[in-house]
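The plan is to look up a handful of spots and jot down what turns up.

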Amino acid sequence: MNTHRQQAMPDIAVAARPATEGTLDWVGMSEIRQPLTLQDGGQMREVNARIQVFVDLDDPSAQGIHMSRLYLLLDQHAQTRPLTPAGLKLLLSSLLETHRSLSTRAFIQFDFDYFVRRPALVSDYSGWNSYPVTIKGALSEGQMHIELGLGVLYSSTCPCSAALARQLIQEQFQKDFGGQARPCFSEVRAWLGRQESINATPHSQRSFARLLMRLEGHDDEFGIVDFIDLTEDALETPVQTAVKREDEQAFALKNGMNPMFCEDAARKVKQALGARDDVLDFWLRVEHYESLHAHDAVSIVTKGVHGGYLPIP
């Protein structure tokens, strides 16, 4: 016979009062790992997210919140619906509903790598580019706030080194053809194809644009691919995936026709974001990982909205 008697287990978080009373801005969990379905670009995509989720503790006499309810609601949401702006608002409302007597605000953040298949510039090759993405949602006093963060890798050719390289090539041309009043076309063409003639090249470096945007008017999807495209189109030289020689040549041409300092890159993306009515505010940081120096070149800019993002690193 089973003589085990089930006993009520103590719940110290409910029964006990805190030794020191007081409200708390946020209480919750971080580093939750969760697979998600994300709706974007008219498609359903699978991502593996790192998540942090919080509610405030508005009751100064309560010991704490119900941590397990946050986790279970997040897991239920991930299993039953894709992540969309509308779904995010529903999730945050549900988090507050389960903490009705304790909390008035809820916050959640998803961080994941987002893969987009990109075609080569000329050939029929294609490959996957990975973009770090952050989605933040906050619900406070009935108001929903959505932020989208993403990062884009691109190439930047230094305008200063390009000018210095051209000067050296001019000097070499003067040295090789200075005694000829009219050098013939075939000689000049052959000269341009020799390595010793083009004796200097500008330096380029891999560069990174990091964006954080406050969005409005998004219900069905966040527009991740749309904003990636907007940023890459503004910069003109995003990094490539699989390439043939004709693609590499086309990339060299784009870099040669689009030299830029970090200040130029920041202005280009700022102009593109400023033209979007659905971007209420933005913070942008561009970093050029210098190949000449051991340090990096950085520019930071915001939209300049009153009470918005601060122009800090």
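**Entry 1: a buried glutamate.** I started with Glu-287, which counts as buried at 11% relative accessibility. This is a predicted model, so I keep that in mind for each entry. Where does Glu-287 lie? I found Glu-287 in strand β7, which covers residues 279-288. Next I looked for a polar partner: the side chains of Glu-287 and Arg-285 are joined by a polar contact of 3.2 Å. Then I listed what Glu-287 touches, leaving out residues up to four places away in sequence, and got Ser-207, Phe-208, Arg-210, Ala-297 and Val-298.

**Entry 2: the cysteines.** How many disulfides does a search of the whole structure find? I got 0. Cys-158 is in no disulfide, and the nearest cysteine sulfur, that of Cys-160, sits 5.1 Å away. A disulfide needs the two sulfur atoms within 2.5 Å. I also checked Cys-262: the closest cysteine sulfur is in Cys-158, 10 Å away, so that pair is too far apart for a bond. Buried or exposed? I noted Cys-158 as buried, with a relative accessible area of 12%, and Cys-262 as buried too, at 7%.

**Entry 3: helix α6.** I counted 12 residues in α6, and from first C-alpha to last the helix reaches 17 Å. That is close to the 16 Å expected at 1.5 Å a residue. How many of the residues of α6 are buried? I wrote down 9 of 12, which makes the helix mostly covered. Among the buried ones in α6 are Ile-224, Val-225, Phe-227 and Ile-228. Thr-231 and Glu-232 are on that buried list as well.

Entry 4: I put Glu-236 in the loop between α6 (224-235) and α7 (245-257).

Entry 5: I then moved to β1, where Glu-31 is found; the strand spans residues 24-40. Which value does phi of Glu-31 take? I read a positive one, near 60°, in a residue other than glycine. Glu-31 is exposed, with a relative accessible area of 52%. How is β1 joined to β2 (residues 43-57)? I noted 13 bridges, with the two strands running antiparallel. As one example of who faces whom, Val-27 stands opposite Val-55 in β2. The hairpin of β1 and β2 has 2 residues between the strands, and Gly-41 takes a positive phi near 60° there. A reminder to myself for looking along strands: in a regular strand, side chains alternate between the two faces of the sheet.

**Entry 6: one glutamine.** Last I looked up Gln-76, which has its place in helix α2, residues 67-80. Gln-76 is partly exposed, with a relative accessible area of 47%. How far apart are the C-alpha atoms of Gln-76 and Leu-91? I got 9.6 Å, for two residues that are 15 apart along the chain.

Terms used:
Residues numbered from 1 in each chain as written. Predicted model: local features only at pLDDT ≥ 70, side-chain atom pairs only at ≥ 80, totals over all residues. Heavy atoms only, no water. Helix = DSSP H or I, 4+ residues; strand = E, 2+ residues; numbered from the N terminus. Buried < 20%, exposed > 50% of the residue type's maximum accessible area, 1.4 Å probe, protein only. Polar contact = N/O pair within 3.5 Å; in protein donor to acceptor, adjacent residues only side chain to side chain. Contact = heavy atoms within 4.5 Å. Expected span 1.5 Å × (residues − 1). Pairing = 2+ DSSP bridges.
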